[in-house]
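The following paragraphs lead through a single protein model. Please consult the sequence and the coordinates together while reading.

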Amino acid sequence: MNDRIWPRLGAACGTLYVALVFAPSLVGGDTAGRIELVGILFFIPFLAYLWSVLREVEGDSGWLSATVFGSGLVDLTIKLGSAAPSVAADQLQEGTTLDTALHDMNSASFILSMLPLSVLTAAFAVVTLKTQVLPRWLGWTAAITAGALLANGMALEAEFGPAFLLFLLWTVATSVVLLRRMRSGARRSQEAEPAATH
């Protein structure tokens, strides 16, 4: 029983990540930023579980699954690093040169973070389409998302990132697929056990 809980938790962390990243738009205030930071932390176990699923099918010598994990960590590093200028800007008078510069740094970091995410989704797409460890439609969705993230990430002066919304949708879809995959696997093993006893 416990062996099944941990993989499910890892898969579910993808949905929790998206939910908590969206939550600040509903809450507002200082609490919003803290909720978003907690949400970002949930992306780490989701990444680790996704890497384990891809590595299992790709094999020990496979490097694309490691690319998925590594790219996700680079994205998290940029996101967490961008929080510092934002916190510092909140202590300044609004509209000053330094306040504007710090907020611009935060916005630029958000756009730049889409570049490692484009590598993550591209590597995921290749492994998924090649091995069919997960549904092909999820692999094609990842490939489309990778292109959108790359284009959005190269627009360095942009303030809005529609491709990131696409990435969040892909993350939820992947999280749900992983959870359903585990349920179907558990069901097959339960059906096989009575047959093995006869």
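Which residue takes a positive phi just after H6? It is Gln132, with a phi of about 55°. This is a positive value in a residue other than glycine, and Gln132 is found in the loop between H6 and helix H7 (136-154).

The model is a predicted one, in which local features need pLDDT of at least 70 and side-chain atom pairs count only at pLDDT 80 or more, while totals for chains, interfaces and linings use all residues. Residues are numbered from 1 along each chain as its sequence is written, and side-chain values use heavy atoms, with hydrogens and water left out.

The protein has eight helices and zero strands, where helices (H or I, at least four residues) and strands (E, at least two) are DSSP runs numbered from the N terminus. Read along the sequence, the pattern is α-α-α-α-α-α-α-α. Of its 198 residues, 37% count as buried; buried means under 20% relative accessible area, exposed over 50%, and partly exposed in between (1.4 Å probe, protein chains only).

The buried residues of H6 include Met114, Pro116, Leu117, Leu120, Phe124 and Val127. Ser118, Thr121 and Thr128 are also among them.

Attention now turns to charged pairs. Side chains of opposite charge can pair when their charged atoms come close. The structure holds two salt bridges, a salt bridge being a side-chain nitrogen of Lys or Arg within 4 Å of a carboxyl oxygen of Asp or Glu. In one, Lys79 pairs with Asp75, and the closest N and O atoms are 2.5 Å apart. Both residues lie in helix H4 (residues 64-90), four residues apart, about one turn of the helix. Lys79 counts as buried because its relative accessibility is 12%, and Asp75 counts as buried because its value is 0%. Arg55 forms a salt bridge with Asp60, with the closest N and O atoms 3.1 Å apart. Here Arg55 is partly exposed, as its relative accessible area is 34%, whereas Asp60 counts as exposed at 66% relative accessibility.

The surface also carries patches, made of residues with over 30% relative accessible area and no salt bridge; like charges are joined within 9 Å, and nonpolar side chains (Val, Leu, Ile, Met, Phe, Trp, Tyr) within 5 Å. Accessible areas come from the Shrake-Rupley method with a 1.4 Å probe, and for residues only the protein chains shown count as cover. Leu37, Leu41, Ile44, Leu73 and Leu80 make a nonpolar surface patch of about 370 Å². Helix H3 (30-58) and H4 each supply at least two of its residues, and the largest share, three residues, comes from H3. Leu37 has its place in helix H3 and is partly exposed, with a relative accessible area of 34%.

A positive surface patch is formed by Arg4, Arg8, Arg180 and Arg183. Lys and Arg count as positive and Asp and Glu as negative, with His and the chain ends not counted; the place of a charge is taken as NZ of Lys, CZ of Arg, CG of Asp or CD of Glu. Helix H1 (2-22) and helix H8 (162-197) each supply at least two residues of this positive patch. Arg180 is found in helix H8 and counts as exposed at 58% relative accessibility.
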